[in-house]
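Have the structure open as you read.

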Number of protein chains: 2
Amino acid sequence: MNAPDTLTPEPTTLTAQLRRGNLFAEQCPSREVLKHVTSRWGVLVLVALLEGTHRFSDLRRKVGGVSEKMLAQTLQWLEGDGFVLRKSYPVVPPHVEYSLTPLGRDVGLRVQDLADWIELNLSSILQARGEPDRTAP
Amino acid sequence: MNAPDTLTPEPTTLTAQLRRGNLFAEQCPSREVLKHVTSRWGVLVLVALLEGTHRFSDLRRKVGGVSEKMLAQTLQWLEGDGFVLRKSYPVVPPHVEYSLTPLGRDVGLRVQDLADWIELNLSSILQARGEPDRTAP
DNA sequence: GTAAGTACGCACCTAAAGGTTAGTACATGA
DNA sequence: TCATGTACTAACCTTTAGGTGCGTACTTAC
């Protein structure tokens, strides 16, 4: 099942592999992107922004527990990857709006799908965990 | 700290919130599960196991860059959450097989969906990043 | 007059993730 | 006989994610 490296199981070219990205390869840039998207706050920010444009402090209030520093950093990561669009208005009390790019909406949906699944199946998971399901009646 | 508790934005009961899980709530156990699933190696292990049962060292070889320690720990996390089934045969060179539970297959599929999307759209992302797309001809 | 809100940057610090090395108890192959 | 593979654990160390607090340049509201 697990193929020794001597034989290439899939007939893909090197460039095709690079173009596609291969998460199993250690040095693949896709690992970085995955890290941003699945980071502790990245997930929550993406899901939050799926609901629409938010300002910085809106996000801060919505995502329970983020520090300002991490929120800023996460937004910069996601902006750098082309998932988030930052629009700042040069008014005197700062005003900045964050929204998702089309690319961001795409990942966001998949992340949300995962997040929703976990939320919905939480009690099953906790039961499997052996931790008595305290949510049960 | 955040969100005045005085106003409840959504008319859900406390038990419903607990049963469902709410990732935006700081102390919700779903955060833990999400952490395991979206951890650096958790993602890759889940995707790898979707292809079928693997032995420890098969996984180690397949997932580029994992240390034995982290692989073991990740597998224990996922086993603890009821996503992974560990079957050990008490033979003299140790033999252990890892596979997904039905619950695990469910999350795995969503994680794979996300992973696949990133792999496929990698070059668009890298372009958005401003990093010249080195995969282009 | 001052307290609060805005969107951060900077500096410092802790906790946790992650890596490295060694060791185990045998069996098989060179 | 020595090396290698197996599935780990324990001890130790490094790196980084993440948190805390401070400052800012104003404005609005109390």
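First, some housekeeping. This is a predicted model, so local features need pLDDT of at least 70 and side-chain atom pairs count only at pLDDT 80 or more, while totals for chains, interfaces and linings use all residues. Residues are numbered from 1 along each chain as its sequence is written, chains are lettered from A and ligands numbered from 1 in the order in which they are written, and side-chain values use heavy atoms, with hydrogens and water left out.

**How the copies are related**

Turn chain A by 180 degrees, with a shift of 0.0 Å along the axis, and it can be laid on chain B with an RMSD of 0.0 Å. (The superposition is by least squares on the C-alpha atoms of residues with pLDDT of at least 70 in both copies.) The two copies are thus related as by a two-fold rotation axis. If you want to find that axis from chain A, look for Thr38(A): its C-alpha is the nearest one in that chain, 2.7 Å from the axis. Both copies use the same surface, as 96% of the contact residues of chain A recur in chain B. Contact here means heavy atoms within 4.5 Å.

**The interface**

How many residues of each chain are in contact with the other? The tally is 56 residues of chain A against 61 residues of chain B. Between them the chains bury about 5,500 Å², and carbon and sulfur atoms give 65% of that. Buried area is the accessible area (1.4 Å probe) that two parts lose on being put together, summed over both. On the chain A side, Phe24(A), Trp117(A) and Glu119(A) supply 14% of the area buried against chain B, more than any other three residues.

The rule finds two salt bridges across the interface, where a salt bridge is a side-chain nitrogen of Lys or Arg within 4 Å of a carboxyl oxygen of Asp or Glu. Arg110(A) and Asp113(B) form a salt bridge, with their closest N and O atoms 3.3 Å apart.

Which element of chain A gives the largest share of the side that touches chain B? That's H6(A), with twelve residues. Helices (H or I, at least four residues) and strands (E, at least two) are DSSP runs, numbered from the N terminus. The residues on this side of chain A divide into 30 nonpolar, 13 polar and 13 charged.

Leu103(A) sits in helix H6 of chain A. Leaving out residues up to four places away in sequence, Leu103(A) touches Asp81(A), Gly82(A) and Phe83(A), along with Trp117(B), Asn121(B), Ser124(B) and Ile125(B) from the other chain. The C-alpha atoms of Leu103(A) and Gly82(A) are separated by 6.9 Å, although these residues lie 21 places apart along the chain.

**The sheets**

In chain A, three strands form an open sheet in the order E1-E3-E2, with antiparallel pairing. E1 and E2 of chain A are the edge strands, each pairing on one side only. Chain B has an open sheet of three strands too, with the order E1-E3-E2 and antiparallel pairing. Two strands pair if DSSP finds at least two bridges between them.

| Strand pair | Bridges |
|---|---|
| E1(A) and E3(A) | two bridges |
| E2(A) and E3(A) | six bridges |
| E1(B) and E3(B) | two bridges |
| E2(B) and E3(B) | six bridges |

E2(A) and E3(A) form a hairpin with five residues between them, and a hairpin through five residues joins E2(B) to E3(B). For individual partners, Arg55(A) has Glu97(A), His54(A) has Tyr98(A), and Ser88(A) stands opposite Val96(A). Over in chain B, Arg55(B) stands opposite Glu97(B), and Ser88(B) opposite Val96(B).

Technical notes
Nonpolar A, V, L, I, M, F, W, Y, C, P; charged D, E, K, R; others polar.
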